[in-house]
Number of protein chains: 2
Amino acid sequence: MAPIELPPGDALKLWHQIALRQVLDESPDLNIRQIAILLTIYLEPPPHTVRDLARKLKVTKPVITRALDTMSHMKLLERRPDERDRRSIVVRRTVEGTLYLEKLGDLISHTARGQGSNG
Amino acid sequence: MAPIELPPGDALKLWHQIALRQVLDESPDLNIRQIAILLTIYLEPPPHTVRDLARKLKVTKPVITRALDTMSHMKLLERRPDERDRRSIVVRRTVEGTLYLEKLGDLISHTARGQGSNG
DNA sequence: CCTTTTCGTTTCGGTACCGTACCATCGAAA
DNA sequence: TTTCGATGGTACGGTACCGAAACGAAAAGG
C-alpha cells in the first residue's frame with residue numbers, strides 16, 4: 001500500500017468539506033468520543049466490553065454506557081450479555097451501523113478524491 | 001496537484017486513529033457544527049458575519065451565536081464590530097485559533113502518512 | 001456460607017447544546 | 001420624525017453530556 005500524501009493545508013480543506021457536508025446533511029452528530037467508540041467496535045477485533053472500551057479510550061465507564069445507550073438507540077450497535085460472565089456485556093455490530101460507516105467511508109474517500117485534484 | 005487516493009476502508013482507519021488521538025489527548029471537543037464554523041472562518045475569504053455563517057451552514061442564528069461564544073471564550077476566534085454597519089459583527093481569526101488548526105492539519109496529515117504505509 | 005472484587009448501570013449536580021420565540025439596536029426609507 | 005426590516009443577542013424549556021459516587025448483580029476467594 002502506497003503512503004498517502006496529504007499536506008496539512010489539504011488536510012484542513014478535506015476536514016472542512018466533510019464537516020460542512022455532515023452539517024448540511026443533518027447527519028446524526030456523534031461527538032468525538034462516540035465516533036472513537038463506534039470505530040473501535042467496527043475496526044478492531046471483538047469482543048468489546050464496556051470495561052475494555054473504557055480502558056482503551058481512557059474514559060470512565062459511564063461515558064461508555066451512555067454512548068452505548070445513545071448509539072444502540074440509533075441502532076448503530078447492539079448490547080449482548082456475555083454467556084461466560086454474566087456481569088459483562090458484549091457490544092456487537094449491526095447492519096445499520098455497517099451501512100452508516102460504509103457511507104462515512106465513502107464520503108471521506110470521495111471528498112479526498114475531489115480534494116487533491118484542482119476541482 | 002495529484003488526486004488523493006484514499007479508499008473507503010483506509011478512510012475509516014484514518015478517521016478512527018484521528019478520533020482516538022483526539023480523545024486520548026483530551027483536546028477540546030468541538031462538535032461538528034463548531035468545526036464547520038471554525039474552518040469556514042479560517043479557510044474562506046472574510047468578512048464573516050453571523051448571518052453569513054448561518055446561511056452558509058443552513059443553521060439558525062442562535063447556533064452561530066452560541067458557537068462564537070464558546071469558541072471566542074476558547075480564544076479560537078474573535079468578535080469585532082463592523083465599522084460600516086454597527087448592527088453587524090465580523091468574526092476574525094486569532095493566533096490561538098491559527099495554532100489550533102495548524103496542529104489539527106498536522107495531526108491529520110501525519111496520521112494519513114502513517115496510514116497508507118505499513119507503519 | 002460470607003466477604004471481597006469486578007462489571008455495568010444509575011443517580012446526582014452541573015454544564016452545554018438545541019429550536020422557538022422574543023428583544024435591543026441600527027440603518028433605510030417614508 | 002416615524003416606520004419598517006435587518007442584525008445579533010437573550011430567555012425559555014427540553015435534551016444530552018460530563019465526572020464522581022453509589023448501586024445491584026455476578027463471580028472469586030476465603
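User: Let's start with D52(A): buried, exposed or partly exposed?

Analyst: D52(A) counts as partly exposed, because its relative accessibility is 27%. Bear in mind that this is a predicted model.

User: Which residue does D52(A) form a salt bridge with?

Analyst: The partner is R55(A), and the closest N and O atoms of the two are 3.7 Å apart. Both sit in helix α3 of chain A, and because they are three residues apart there, about one helical turn separates them.

User: And what does D52(B) do over in the other chain?

Analyst: D52(B) forms a salt bridge with R55(B), with 3.6 Å between the closest N and O atoms. Those two are three residues apart in helix α3 (residues 50-57) of chain B, so again about one helical turn lies between them. D52(B) has 27% relative accessibility and therefore counts as partly exposed, while R55(B), at 52%, counts as exposed.

User: Is R113(B) buried, exposed or partly exposed?

Analyst: Partly exposed: R113(B) has a relative accessibility of 36%.

User: OK, zooming out to the whole interface. How many residues are in contact?

Analyst: 44 residues of chain A are in contact with 44 residues of chain B. The two chains bury about 4200 Å² between them, and 75% of that is on carbon and sulfur atoms. On the chain A side, the residues that lose the most area to chain B are I4(A), L12(A) and W15(A), which together make up 19% of what that side buries.

User: What about polar contacts across it?

Analyst: Six residue pairs are in polar contact across the interface of chain A and chain B, counting pairs with both residues at pLDDT 80 or more. As for the elements involved, α1 (8-24), α2 (32-43), α3 (50-57) and α5 (95-116) of chain A each supply at least two residues of the side that touches chain B.

User: Which of them gives the most?

Analyst: That is α1(A), with 13 residues on the side of chain A that touches chain B. By type, the residues of that side divide into 26 nonpolar, eight polar and 10 charged.

User: Switching to the fold of a single chain. What are the elements of chain A?

Analyst: Chain A has five helices and two strands. Starting from the N terminus, they run α-α-α-α-β-β-α. The C-alpha trace of chain A spans about 55 × 30 × 25 Å along its principal axes.

User: How many of its residues count as buried?

Analyst: Chain A has 119 residues, and 44% of them count as buried. On contacts within chain A between residues at least 6 apart in sequence, 52% join residues at least 24 apart.

User: Last one: where is P46(A) found?

Analyst: P46(A) is in the loop between α2 and α3 of chain A. Its relative accessibility is 57%, so P46(A) counts as exposed. P46(A) and R92(A) are 46 residues apart in sequence, and in space their C-alpha atoms are 8.1 Å apart.

User: Great, thanks for the tour!

Methods
Residues are numbered from 1 along each chain as its sequence is written. Chains are lettered from A and ligands numbered from 1 in the order in which they are written. This is a predicted model: local features need pLDDT of at least 70, side-chain atom pairs count only at pLDDT 80 or more; totals for chains, interfaces and linings use all residues. Side-chain values use heavy atoms; hydrogens and water are left out. Contact means heavy atoms within 4.5 Å. Buried area is the accessible area (1.4 Å probe) that two parts lose on being put together, summed over both. A polar contact is a pair of N or O atoms within 3.5 Å; within protein, one must be able to donate a hydrogen and the other to accept it, and residues adjacent in sequence count only if both atoms are side-chain atoms. Helices (H or I, at least four residues) and strands (E, at least two) are DSSP runs, numbered from the N terminus. Ala, Val, Leu, Ile, Met, Phe, Trp, Tyr, Cys and Pro count as nonpolar, Asp, Glu, Lys and Arg as charged, and the others, Gly among them, as polar. Buried means under 20% relative accessible area, exposed over 50%, partly exposed in between (1.4 Å probe, protein chains only). A salt bridge is a side-chain nitrogen of Lys or Arg within 4 Å of a carboxyl oxygen of Asp or Glu.
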